[in-house]
Every structure is written in C-alpha cells, then in structure tokens.
Amino acid sequence: MRRRLPWLSLALGAGYAFLYLPIALLVLLSFNDSRLVTSWTGFSFRWYVALWNNDALVSAALLSLRIATVSATGALVLGTLAGFVLARFGLFRGRALFGAMVAAPLVMPEVITGLSLLLLFVSLAEAVGWPGERGVTTITIAHVTFAAAYVAVVVQSRLADVDESLEEAAMDLGARPWTVFGTITLPLIAPALASGWLLAFTLSLDDLVIASFTSGPGATTLPMVVFSAMRLGLTPELFALATIIIALVTVALFLALRLGRVASAAARV
Amino acid sequence: MTGTQRIGRRLVVALPYAWLLLFFLGPFLIVARIALSEAALGIPPYAPLLRWTEENVLTLVLNLGSFATLFDDPFYVDAYLRSLNVAFVSALLCLLLGYPMAYAIALAPAHRRNLLLLLVILPFWTSFLLRVMAWIGILQDQGVLNGALLSLGLIDEPLRLLYTDFAVYVGIVYCYLPFMVLPLYATLARLDPVLLQAAADLGARPFRAFVTVTLPLSLPGIVAGFMLVFIPAVGEFVIPELLGGPDAQLVGRVLWVEFFQNRDWPMASALAVALLLVLVIPIAVFQHLAARR
Amino acid sequence: MQTQPPGLRPRAPERGPEPWRDPEAEPYVRLRGLTRRFGDVVAVDAIDLDIYRGELFALLGGSGSGKSTLLRMLAGFERPDEGSITLEGQDLAPVPPYERPVNMMFQSYALFPHMSVADNIGYGLRREGVARAEIARRVEEMLELVQLGGLGARRPQALSGGQRQRVALARSLVKRPKLLLLDEPLGALDKSLREATQFELVNIQERTGTTFIMVTHDQEEAMTMATRIAVMTDGRLAQVGTPAEVYEYPASRFVAGFLGTANVFEGIVKRAQGSGVGAAGALVESTAFDAFFASDTDPPKPEGGRVFVAVRPEKMRIEKSAEGTAHGTNALSGLVRDIAYYGDFVMYVVALPDGSLVRVSRPTETRMTELPITWNDAVTVRWQDFATVVLAQ
C-alpha cells in the first residue's frame, strides 16, 4: 500500500518539514552570535546568558510555572470527574447540557472565554466582594476551567477503552465504589491522567489571551511578557527561551511516551 | 442502588457540573447582560441594567446601542465577514495539508504510527507565541525566506510577506494543523483495510476506491477536524495581531481593541455575543460529533 | 476424553435426591415476579423461579432472551423494576453488589490487568480485610484447585485463554460465595478446550458444593453440565426442567427447535385417549396431508383441538419403499431430497408429496462408503408412538 502511494509519504515528509523547519530555525538562531536572523556570525551562548539576566522574563516564567502547576492539578481533578461522569454514568438529567459544557471550551474562541470570565469576576466582585483583586487566583480559575475540558476528553476516551466489567468485577468481589475507583479505575487510566495533566500544564503555560483578560495589575505571565517583547521586535533572547522550552517538552514527552508504552502494554489483556 | 451510593454519585456529578455552570455557562449570561448596558466612565465601565429613576421607580434600561452599531458600522460587519473567510480558507488549507498526512500515518506500520503521530503533536506542546515568532523571522522583509530568495537571485528586492493575509494563513495553518490531523487520523485508522480490498475486488482502481470508500467513511473526521480549526480561528487574536497587516481587522482583534484600548466593555461584549451567535451552528455540529463518539 | 450423549450429565450417579421434585424442599434462590425493563423493552418479564442448594442451574437462550439481564440482577448490577430475589430467605434487593454473598465469573473474565494472578484472586479477600497470611493460604488453595499452582506471580496477559478462565473461576470462588454466577463461562474458549473444561467445572462445583447459576447460549453446554435448564425467550421462561425432560418432553415448538432438531407437524386431536398404535395416548390427524400421529401420552388439548406434533430425527427410522406409498399412522412416505454425512450419523431430508420436509438421522453403525439409501430413493419414515410429542403451541 505504501509503495503504491509514494506521494503520500512525500506529503507526510512535506508536512513534517513545514512543522519542524521553523522550530529548527528557532533553535539555530538561539545560538547565533548576531542579532540578525539572516546572518550567522558564530556560535554563542550569549542569548542564554541574557535570558538568565532578564529579571522580568525569569520572574514571569516562575509565575507561569506556578500557575500552570496549580491549574493543571485542578483541571486534572475536575476533568477526571467530568470524563468519568460522561463515560460511566449513562444518562442522567442534565447530561446533554453537561456534555455541551465539557466539549464547548475545546473550540470556544479564546477572546470569548477570556472576556466572559473577566466579566464574571468583575460582577462577582461587585456582588459578593470576591475576588477583590484579579491576578494569580483568577488566572488559575480560568485555566482550570478551559483545561479541564481537555483532560475530560482524554480521560473519557481512555475510559471508553477500559472494559466496564473490570469495575463490575471489583464491585462484585466486595469493593465499594470509591475503592473500585482507587484500586481499578485509577491505575488503569493513569497514563491518560499523566498526559491529561501535561496537556493542561502546557495549555496554561502557553495561554496569552485568557490570562490577559483575567489578570490584574500584579500578575504578568510569561506569554504576556513575551507578547509585549515581540511587539517591539524579535530578540534572540526569545529564541533561547523557545529552545529551552522545546528541549524540556521533548524530554517530557518522550518520557511520557515510554511510560505510556509500559502502561499500555500492561493494560492489554 | 443504595442511598449512600446515590448520594456519592450525585456528588461526583455535582462538583464538575457546578464548576462549569459557574465558570463557563454563567459568564456567557453576564456577557449578554453587559452587551445590553450603556458604556460609562467608571469602574466597571458600564451602567447597570436596573436603575432607580428619580421617581424611585426601578426601571430596566436595555441599551441596544452596541448591537445597533455592530450592524450599522460596516467596519464591524466587515470584520465578521473577513474572519469567517480567513477561518474557512485556513481550515480548508489545513484539510488539504492534513488529510494526506493523517492518511499516510494511518497506513504506516502499526509500530511506527505512535511516533509519527507524536511528531505531529509535538510542536503543539511548545510555546505557541514562540512558534508564531519563528514565522516573523522567516517572513519579515529582512527575514530568512527573503534572504534566501535574494541570495539565489530569484528576486531583486524583498517581497512583502509579513503583515499580509498570506502570513495570517500560514500562521493559522501552522498552529492549528495538529487539530486537523488528530481527528482525521482517528477515523482513518479505524477504517478496515478489507473494505478497500473489497472495493478493489469489485473492480475499483485505487483512486476510485479512495473516492467512493475512504473519503465518505472519513467524513466525520473531516467535519470534526474542520470545526476544530474553523471555530477557534474565527476568533483568533494573536496570529492576525502579530502576522497580519494593520488592515487585517478580524473580530478577535477588534474585540481586543474595544476592550483593552477603548475600554468599551458593552461593545466588546456585544462583539462576543454576535461572534457566539455566528458560531452557534458550527459549535452545535461539533458537539453532535463529539457526543456521538 | 470420553464423549457422552446429550442428556447424561458427567457427574456421579449417587448425587442424591432431586430437590425440585420434593414439594417439602426449601428453595435456595427464589425469584418472584422479577421484571426489568429498558425503555419500552421488557428484558425480563415477571419471572418466577426456584433454584435449590447445590444445583448447577443453566439459563439457556439466544441473544436478547433476557438471560444475561437476569444474571446481572442476581449479581446486583441491574435493579429489578418489579418482583423480588431472595437467597436463603434473605431479600437481596436492597443489598449492593459489594455486599452480596454472591460472586460472578464474567464472560470476558474481567481479570485486572495491572495485578498478578495471585493479587487478582486475593482481591476479594483483601476487601474483606482478611489477614495477609490467610489470604496467601487461600489463594494458594484456589490455585491448586484450578490446577494453576506456581503461576500466582504471572500477569493475566501472560496466560493462555484456558488459564485465564481458571483464574477468573478461582477469583470468584475464593470468597466462598453462597451463589456463583457464570456468564458464558466457556464462551471464550475454543472447541477442543471447551469440552474438557465442562467436566472440570462440574467437578469443581461438586467439590466445593457451591450453587452455580450459569448463562449460556450453547445448548450442548447446558445439557451436559446442568442439573436443570431454564430455556428463556423474550424475557420469559419457556420451560424449566432437567436436560432429559427438556429434550424429550419439550413444552413448546420453540423449545423443541431450540434444543436439538425436531420435525414439527400441525394437526387436530382426533381421539384424546385410548387410541393409537399402543392403544393408549392421543391420535392426531395431520392438517397438511393424509396421515395420523399416535402418541403414548395424553394430548394437551381435547378432541378437535389444534395441536403441533414434534418428532426428533434420531427417533425415526428410514427404509426404502415403493414409489407412491401412502402415508399411515406414524409413517410418512416421500423422496430423499438431501443427504448430509456427519460421520457419526447421516441426516436424510425427505420431501413429502405436499412439499413439506422431514429430517431423519441414521447412526453409522457400520462402516459405509456408499450409502444404502441415496438421492431420489422412494422411502418411508416410521417412528414409534413414544417418539411423538404433542404440543399445544
């Protein structure tokens, strides 16, 4: 089949080139001594040093990591519950609305999500005095909400592959519902939970629009700093930042893939 | 089912349900409410809907002004039409590029599929902004592409690539391609290869077998992928802002400007409500597909 | 491995009395008016059933007959809409699955892939809070019982299909349930393994003394293993009885056709008793052709009633006759239309002059390479009146 359709492989190769050449360029330029993207004047780590000394960037990165960690964990809990409900609870009153609310954030334009959450926070502050000031908390709540949808989809599709009779068997052998969840369901969907968490983490780390809407004066996340820097022009410091992120993600993903492979081999009955 | 079991079940449903009602559905209602308010100077910068008049009568003041402006001013109507157009063309380009990729991955040997698929997703996990930035470096007047073309002697002066619609299309296709490939792959991988053998056995040449068997059976994946690209792209802000020209006034950008620069919250809300209304049908189609899965 | 004809259970003859014949005997499991609906579909329809201690009871039926729903109600996974289930007099309805003294062996086995064989078997004991040493001892005991000694450390996915089936059995037996439910216990095994496992299951059932209720769609499996069979269709019980009863005295055309093969003819009761070849039982006149059916039992309907007659192919004899021979009492004449050679028997399909078909089997007692009766031979099919079963429906 593959031999008969060589153009398919060609298209795949072209697609990967389209996806990876810009990334390769970022990595390459981050080591370029020159500030110009068109001239290579020598290998250098100077942009990495500059990045390290850029206090605004570093503190924004730390804040973003903090928000991403907390919101990914929150999204994991919420999304796992939602995915479990969708996959295992069958029909219940209000399921259609529930399903719609879980799926909609996947496609909702960010400007709408961001604006609507901000207006909610403003209205809440007016009505009940909370949140008094927008910042880390409001960004985290916003990120939990839209990232939970992604976790729910991942968990739901993994649960669809887990034979429900495994959970019934555990219950039949005397396990109460929460014990069933803890001893059977959770271990079996652990790889999905890991990738769901990672996905939520990345989404949070990457988000500019929703964070811009829901943030207050005190909280500036990494994408917000990068965005305003980019408006002023390209700086190789940002290339260095991109390279670090790419390296971290690559390592994390291949680790996850390896773990996932072990776990999915174990899950194959 | 016993009583405690039923209570436990209710709690498990109630937590995510309540959260989504409060932080996802609720906000939309507030947006709709504020879209009907008058802009005002102050914090927050809009007038309440319910007001005490001088005669101590509670009156409901609905201001359709924002919506009227939306329809009267061709600037806004234009922004919607352009956004829909850009999103549609981008989604189509994603489909044309993504379909062969997804099909090639689905036909690859089983042990290699995961890696090939991972390679499609990998860029998505790296910073979105920084990937857009790479395209600035490629497309700008003193960028990599112009540099290469100049040194090859194909052009005499730099082409205007950045801050054009072309750059916006490239950016959207680049950033949203994984969302097209993944659902396409999911349907194509489920396709039983025996069906194609049966088609061949019944006299269909490969191309005809593809058009009559593969393509119709992958339609759910095509629609899902199209929606996953089209819907968010309509409201996209970052890519047109960074790659598009000053005339590329798409809805996302207009909304952003109304909100952050003009501080006209009711106008921004009206824009959001109108955008949501425009997208209601595509979103419903997407959810129908998602629910069927 | 010795094969046995259907109807004889591979169990010791000294099984003792058959409690279902004893009106004094107290039922172990008692179902009354048990009903379960899914939307408009009535999956289980007002079933009354008594099952006695120590039985290996088979629920036999096609897909959609309601047998699995009935089993799942016993396990507690489905809630009855109406009716009651009692076990030793205790009402099971309010008891959740994890507190029922009932265990189930799943059709897919449902072995936990992330646990070793020993941990799978010990899972139920851990939930009970049994001491660790005691768990280890009982798991070992179960492994011996199902002949898997030494495989406790393996993962289920490293076992063969037959071994997994035994792990599932051990896991469901280790808590010494009052009742063991088996959902198609042999369904996932291939044919050669299935027969050996049938005997092993019966053996384990007798050794542990556990009451088994088994769901199956395989009539041979039900016949060879069960003490009694309930044939289910459309959520109802078509017939309950020992394998021999159900086979030899089917209660309806459905049961006659579902278990084994039967020739069914339509007729009118001519004489209700004191008639026929043996001067006892009923005489039925065919409505389709000029023939009589004599039976040694009383008919289910009075004279003039419309009934059906079922005759099993192996209880008929086939012989050559002159072309154009008329039908008689328990004798039908026609031409051989088809012959199917099965090895241990030959099935003849005889076409009667009116076009209806009769199946007759004939054991291959002698080695034959050429059949004495062949296509288009004129033949007469005869049977004795004990072979005639008269059915009301």
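Directly after helix 10 of chain A, A:Gly233 adopts a positive phi of about 130°. Helices and strands here are DSSP runs numbered from the N terminus, helices being H or I with at least four residues and strands E with at least two. The model is predicted, so local features need pLDDT of at least 70 and side-chain atom pairs count only at pLDDT 80 or more, while totals for chains, interfaces and linings use all residues. Residues are numbered from 1 along each chain as its sequence is written, and chains are lettered from A and ligands numbered from 1 in the order in which they are written.

Helix 10 itself covers residues 222–232 of chain A. Its buried residues are A:Leu222, A:Pro223, A:Val225, A:Val226, A:Phe227 and A:Met230. A residue is buried if 20 or more other C-beta atoms, placed from the backbone, lie within 10 Å of its own; it is exposed if 12 or fewer do, and partly exposed in between. Across chain A, 48% of the 269 residues are buried.

Chain A contains 11 helices and zero strands. Its C-alpha trace spans about 70 × 65 × 30 Å along the principal axes. Two residues are in contact if their C-beta atoms, placed from the backbone, lie within 7 Å. Of the contacts in chain A between residues at least 6 apart in sequence, 78% join residues at least 24 apart.

Helix 6 (residues 136–161) and helix 8 (residues 177–206) of chain A form a packed pair. Their axes come within 9 Å and cross at roughly 155°. Axes are lines fitted to C-alpha atoms, for helices over the stretch in contact, and angles run from 0 to 180 degrees between N-to-C directions. Helix 6 of chain A is therefore roughly antiparallel to helix 8 of chain A, a term for angles over 145 degrees. The crossing is right-handed, meaning that the near helix is turned clockwise from the far one by less than a right angle. On the helix 6 side, the contact includes A:His143, A:Tyr150 and A:Arg158. On the helix 8 side, it includes A:Ile189, A:Gly196 and A:Leu203. The contact comprises 12 nonpolar, four polar and one charged residue. Ala, Val, Leu, Ile, Met, Phe, Trp, Tyr, Cys and Pro count as nonpolar, Asp, Glu, Lys and Arg as charged, and the others, Gly among them, as polar.

A cis peptide bond links A:Trp130 to A:Pro131, with omega about -5°. A:Pro131 sits in the loop between helix 5 (110–128) and helix 6 of chain A. Most peptide bonds are trans.

Chain B contacts chain A through 73 of its residues, which meet 66 residues of chain A. Helix 1 (residues 3–35) of chain B gives the most to this side, with 19 residues. The chain B side holds 58 nonpolar, 13 polar and two charged residues.

Chain C carries an open sheet of five strands in the order 15-19-16-17-18, with antiparallel pairing. Strands pair if DSSP finds at least two bridges between them. Strand 15 (316–320) and strand 18 (357–363) of chain C are at the edges with a single partner strand each, so one side of each lacks a neighbour in the sheet. Strand 17 (residues 345–351) and strand 18 of chain C pair over seven bridges. There, C:Phe345 has C:Pro363 as its bridge partner.

C:Tyr109 has a positive phi of about 75° and is buried, with 26 C-beta neighbours inside 10 Å.

How values were computed. Angles under 35 degrees count as roughly parallel, over 145 as roughly antiparallel, 65 to 115 as roughly perpendicular and the rest as oblique.
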